[in-house]
Each structure stands twice: as structure tokens, then as C-alpha cells.
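I opened the notebook to record what I looked up in this structure, entry by entry.

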Amino acid sequence: MSMLAGIQKGVIHKPPRMVIYGPHGVGKTSLSAGAPAPIIVQAEDGADEIGVDRFPLSTTYEHMMDCLETLVNEDHSYQTCILDSADWAERLVTDYVCRREGWRTIAQPDFGKGFAALSEEWMQFMAMLKSVHERGMALIITAHAEVTHFDDPTTEGYDRYQIALNKRTAPELQEGVDAVLFMNWRIVTAEAKEGMGRKITKGKGNGARVLYTEERPAALAKNRYRMPYRIDLPNEPEGMFGAVSQHIPFFSAQ
């Protein structure tokens, strides 16, 4: 049969795969919990106060993978899998690799062999997340942010927000999703006069949050949905996901 017979035409809106990252306590899990029929795979503690259906806290990599495998193989009505969070999941993967190999730390082996083993096992973890998505579930992965120095080859280096993951695992996560969204507090800066004619810049906020969807020098981000660069989020947790989902065709078409 000719390959021409298998050509796909038209737009297909599949369930999204998203990373939502930001500083501690900004509301990443609360935003994610507004997705349709969610269930949380807990790699870190903290979802109990939200009240969304969730697996027991995973304290081992094996348990976390069992939770994901359950969503792949068993009958259920959940539509969204929330992994909370990627950096704590990485800790579980790291611990597993060290236990399996008998290492005290992932840095113990020479020549970067520990981190190579971590990357290899992380790929198995990513393959399981892919299987969850192929089951027809939307996938939302939360993560914490860290400020790191970025050596831009086109200009002088600068600091920016990035996902708090190892430099080997972060690219694999970023490449495997449709959107990387940076969530932060909305901050306004103003100059204040001090004594002796000095001026200092102070940051102020009122608890409002904002989501950035495209990469800028300040933060890593991307999306495949033509989302606006910045989405101002409502203060009420119940309305945050709707402010995002209206820009994602799979959700807005439902």
C-alpha cells in the first residue's frame, strides 16, 4: 500500500500535555485541580487541602510508577492526570537508581555514570507518562522554579527562571510536552526615596497571579496553542484553570 494512503489531513485536537512551574506556594496544584475529572499522582505532600481525588503519597519510584500504570491499564472515569511534582518525582527516580546500583549518591560513580543512569531511568518514567496520555488523558505536570544563570550565545549571560530539574532530565521533560507555563505572583516595582538622596526599588504585590506562555529572558516557557504571552489569573482558585483552558483547543472545543 502506498504511504500516500495514510496521510493525515485536518486539525486534530488531542488532550494537552503541560508543565506548570513556579515558586513554592503560588498555586500550581490549585490551578491544575480545575481540569476536567482530575486525579493527582503525589510525589510530594500538599494536595490534601485541595480535596481532589489522589493516590496515596508516593515515597518510592516503584509506587509512583504503579499509580501511573493503574491509570494506563485499569478502567476509570478520570480525564486528567496531575503529577505533583516533577522535581520531587526526580528525587524518587534518583533514589531508585542509587538503591539499584548500591550508590550512596548519584554523583558517586566516575565519569558521570550516575547521571547517565538517572537520564536513562527518567526516559522510562517519561515513557510511562506518554502511555497515560495515549490512554486519552490530559497530562499536567507541576514543578518548582529556580533561578539559574543562562549563557545565551547571542548576548551576555543573564539569570532567569527555569524548571528545578537536573540539566539532563529537564530537556527531556520540556521536549515531551505541548506547553511549559511559568506561573508567578504579579509584582509591581516602584522607586522609593531614602536618605541622602538615595533611591531604592521595591517590589509590591496583592496576591494576584500571572501565567507566562512564551519564552523571554526572564523565564523559560513555550506553547503550541498560540496562547497570549501573558494570562492574568483570577484570585479565586476555582476560576484559574478556566482562564487557561479557553486558549487550549481541546478544552475550548468541548
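**Entry 1: the pair α3 and α4**

I began with helices α3 and α4, which are oblique to each other, where oblique is the class left over once angles under 35 degrees are called roughly parallel, those over 145 roughly antiparallel and those from 65 to 115 roughly perpendicular. The model is a predicted one, in which local features need pLDDT of at least 70 and side-chain atom pairs count only at pLDDT 80 or more, while totals for chains, interfaces and linings use all residues. I also note that residues are numbered from 1 along each chain as its sequence is written, and that side-chain values use heavy atoms, with hydrogens and water left out.

For the geometry, I found that the axes of α3 (residues 86-101) and α4 come within 10 Å and cross at roughly 120°; such axes are lines fitted to C-alpha atoms, for helices over the stretch in contact, and the angles run from 0 to 180 degrees between N-to-C directions. The helices themselves are DSSP runs of H or I with at least four residues, the strands are runs of E with at least two, and both are numbered from the N terminus. The crossing of α3 and α4 is right-handed, meaning that the near helix is turned clockwise from the far one by less than a right angle.

I then listed the contact, for which heavy atoms must lie within 4.5 Å: from α3 come Ala86, Ala89, Glu90, Val93, Thr94, Tyr96, Val97 and Arg100, and from α4 come Ala117, Leu118, Glu121, Trp122 and Phe125. By class, these residues of α3 and α4 are nine nonpolar, one polar and three charged, with Ala, Val, Leu, Ile, Met, Phe, Trp, Tyr, Cys and Pro taken as nonpolar, Asp, Glu, Lys and Arg as charged, and the others, Gly among them, as polar.

**Entry 2: the pair α2 and α4**

At what angle do the axes of α2 and α4 cross? I read roughly 25° for helix α2 (residues 61-73) and helix α4 (residues 113-134), with the axes coming within 8 Å. That angle makes α2 roughly parallel to α4, and the crossing of the two is left-handed.

On the α2 side I noted Tyr61, Met64, Met65, Leu68, Glu69 and Val72, which meet Glu121, Gln124, Phe125, Met128, Leu129, Ser131 and Val132 in α4. The contact of α2 with α4 divides into nine nonpolar, two polar and two charged residues.

I looked up Thr29 in helix α1 (residues 28-32) and found it buried at 13% relative accessibility, the limits being under 20% relative accessible area for buried, over 50% for exposed and in between for partly exposed, with a 1.4 Å probe and protein chains only. Leaving aside neighbours within four places in sequence, Thr29 is in contact with Ile40, Ile50, Asp84 and Thr142.

Pro38 sits in strand β2 (residues 38-42) and counts as buried at 15% relative accessibility. Beyond four places in sequence, Pro38 touches Ala33, Val52, Asp53, Tyr78, Thr80 and Ile82.

Is Phe150 buried, partly exposed or exposed? Phe150, in strand β4 (residues 138-150), is partly exposed at 24% relative accessibility. Its contacts, neighbours within four places aside, are Gly157, Tyr158, Arg160 and Gln162, and the C-alpha atoms of Phe150 and Gln162 are separated by 9.4 Å.

**Entry 3: backbone points in loops**

I checked the peptide bond from Asp84 to Ser85, which is cis with omega near 5°; Ser85 lies in the loop between β3 (80-84) and α3. Phe111, in the loop between α3 and α4, has a positive phi of about 60° although it is not a glycine, and Phe111 is exposed, with a relative accessible area of 80%. Arg226, in the loop between β10 (222-223) and β11 (230-233), likewise has a positive phi, of about 55°, without being a glycine, and Arg226 counts as exposed at 84% relative accessibility.

**Entry 4: the whole chain**
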